[in-house]
Amino acid sequence: MEQVQQFLPFILMFVVIYFFMIRPQQKRVKQEKQFESDLKIGDKIVTKSGIHAKIAELNETTVIIETMAGKLKMERSAISMELSAALAKK
């Protein structure tokens, strides 16, 4: 019983870290993957570097976007979920 009491603070710290750091990060990663899979041609997006564009083509891991300067090929993961959602609300 005494050994359990010695490790109780460490167990409680792990539980707190899990619920305040690890679990929210896992939830965010899941939301980003869902966002990437829900993309479709014609969606207006904003990249993580701040480029505003419209999706022209979709591939497995890449996307071709149309900007005012022309077409660019980039990774799906380079599209910002938060900035694109904010753009869609406007």
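This is a predicted model: local features need pLDDT of at least 70, side-chain atom pairs count only at pLDDT 80 or more; totals for chains, interfaces and linings use all residues.
User: Ok, is T47 buried or exposed?

Analyst: T47 is buried, at a relative accessible area of 0%, where buried means under 20%, exposed over 50% and partly exposed in between, with a 1.4 Å probe and protein chains only.

User: And where is T47 found?

Analyst: T47 lies in the loop between strand 1 (44-46) and strand 2 (52-58); strands are DSSP runs of E with at least two residues, helices are runs of H or I with at least four, and both are numbered from the N terminus.

User: What is T47 in contact with, leaving aside its neighbours within four places in sequence?

Analyst: The contacts of T47 are I65, M74, A78, I79, S80 and L83, contact being heavy atoms within 4.5 Å.

User: Switching to the sheet, what order do the strands have?

Analyst: The open sheet has four strands in the order 1-2-3-4 with antiparallel pairing, and two strands pair if DSSP finds at least two bridges between them. Strand 1 and strand 4 (70-75) are the edge strands, each pairing on one side only.

User: How many bridges do strand 3 and strand 4 pair over?

Analyst: Strand 3 (residues 62-67) pairs with strand 4 over six bridges in the antiparallel sense, and T62 has E75 in strand 4 as its bridge partner.

Note on methods
Residues are numbered from 1 along each chain as its sequence is written. Side-chain values use heavy atoms; hydrogens and water are left out.
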